[in-house]
Amino acid sequence: MASSSRQAGKGTADVFKTDFDVAAATDKDGIVGALNSAYVRDNNLKYMKMYDWMSYGYDVVEKIVGGFKYGKEIQKVRRQLMAEPEWKESARVLYVSIGTGTDLKFFPADSRPESLDFYGADVSIGMLRKCKKNYANSGIQPKLIHACAEDLPFADNSFDIVFHVGGINFFTDKAKAISEMLRVAKPGSKLMLADETADYVESEYKKSVFAKKYFADAEFDLGELEAAIPSTVKERKTTMLWDGKFYCITFRKPGGKSAAKPKAKARRR
Ligand SMILES: C[S@@+](CC[C@H](N)C(=O)[O-])C[C@H]1O[C@@H](n2cnc3c(N)ncnc32)[C@H](O)[C@@H]1O
């Protein structure tokens, strides 16, 4: 069926693995189903269920509760994170764990998001449906993929930019997810992984009336996550944001052209 609602499958032939039938996998809302049940277990299963029901209130809770508690701090950290990827005209981008797509409101002012070929993957169909609604009438319309980070349906070396925000702390298999992100990123491209620190998980999630039952036994170790990143990557850097509540790890996939030189500053006369 070639209806306009099947837009996720359009013009994507070279992005997906050759044996993946994207047209057959695309639902009536244009979301591509690529969930490998082998990875929908343990934490992935628990948090998929949690985000499916939370998807209804996720944006409102961040706006109202987050705004009340933290003022503009959440927006500030989102803006800082969205300044990390190397945005360029017409780049093909993958956001792993796109959720409801909130970060798409925080592109740097000098980027042109409407020129991007933007893909978002997430394990929660509820979050993806909300994202679809949020961007139905916007200049940027992410192509949405229902998949675990641990098994992405994309071909090797497909994306100019790959990044992740907010879920990796509790992925079932972090090392596999990182190797998948590296696999689908083009050689030489910069990747970013960002999430909350263990302190924030303790002080926020374990106390949240909405989430505490899901995080009661949750433990996160940043050192373990860093150790799961292959030693072959280049320019690896970990930065703390928002008074240590968030971490951001960036690195570059080996190969390809070396990093773009920083733009020369315009001379003032
Ligand atoms: C805290 S939310 C963050 C959503 C979004 N990135 C944001 O910043 O608002 C975590 C997201 O990670 C997704 N997620 C959890 N485990 C995942 C996995 N194994 N693969 C892909 N997405 C996953 C959840 O469904 C959820 O949408």
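**Notebook: core, sheet and ligand**

I began with the largest nonpolar core, which holds 60 residues. Val93, Leu94, Ala121, Val162, Met181, Val184 and Leu191 touch the most other members of this core. I note here that the model is a predicted one.

Next I picked Ala121 and looked up its contacts, leaving aside neighbours within four places in sequence.

I went back to H6, which spans residues 174–184. Helix H6 lies across strands S2 (92–96), S5 (161–165) and S6. Its angle to S5 is about 155°.

Then I traced the sheet. Eight strands form an open sheet with mixed pairing. I wrote down the order as S1-S4-S3-S2-S5-S6-S8-S7. Strand S1 (32–33) and strand S7 (234–241) stand at the edges. Each has a single partner strand, so one side of each is left without a neighbour in the sheet.

I checked one pair in detail. How many bridges join S6 and S8? I found seven, in the antiparallel sense, between residues 190–196 of S6 and residues 246–252 of S8. Met192 stands opposite Thr250 in S8.

Last, I turned to the ligand. I found 19 residues around the ligand. Ser97, Gly99, Ser124, Gly166 and Gly167 are the closest. The shell divides into nine nonpolar, seven polar and three charged residues. Helix H2 (residues 42–54) gives the most to the shell, with three residues.

Technical notes:
Residues numbered from 1 in each chain as written. Predicted model: local features only at pLDDT ≥ 70, side-chain atom pairs only at ≥ 80, totals over all residues. Pairing = 2+ DSSP bridges. Helix = DSSP H or I, 4+ residues; strand = E, 2+ residues; numbered from the N terminus. Contact = placed C-beta atoms within 7 Å. Axes fitted to C-alpha atoms, helices over the stretch in contact; angles between N-to-C directions. Near = placed C-beta within 6 Å. Nonpolar A, V, L, I, M, F, W, Y, C, P; charged D, E, K, R; others polar. Core = buried A, V, L, I, M, F, W, Y, C linked by C-beta atoms within 7 Å. Buried ≥ 20, exposed ≤ 12 C-beta atoms within 10 Å, placed from the backbone.
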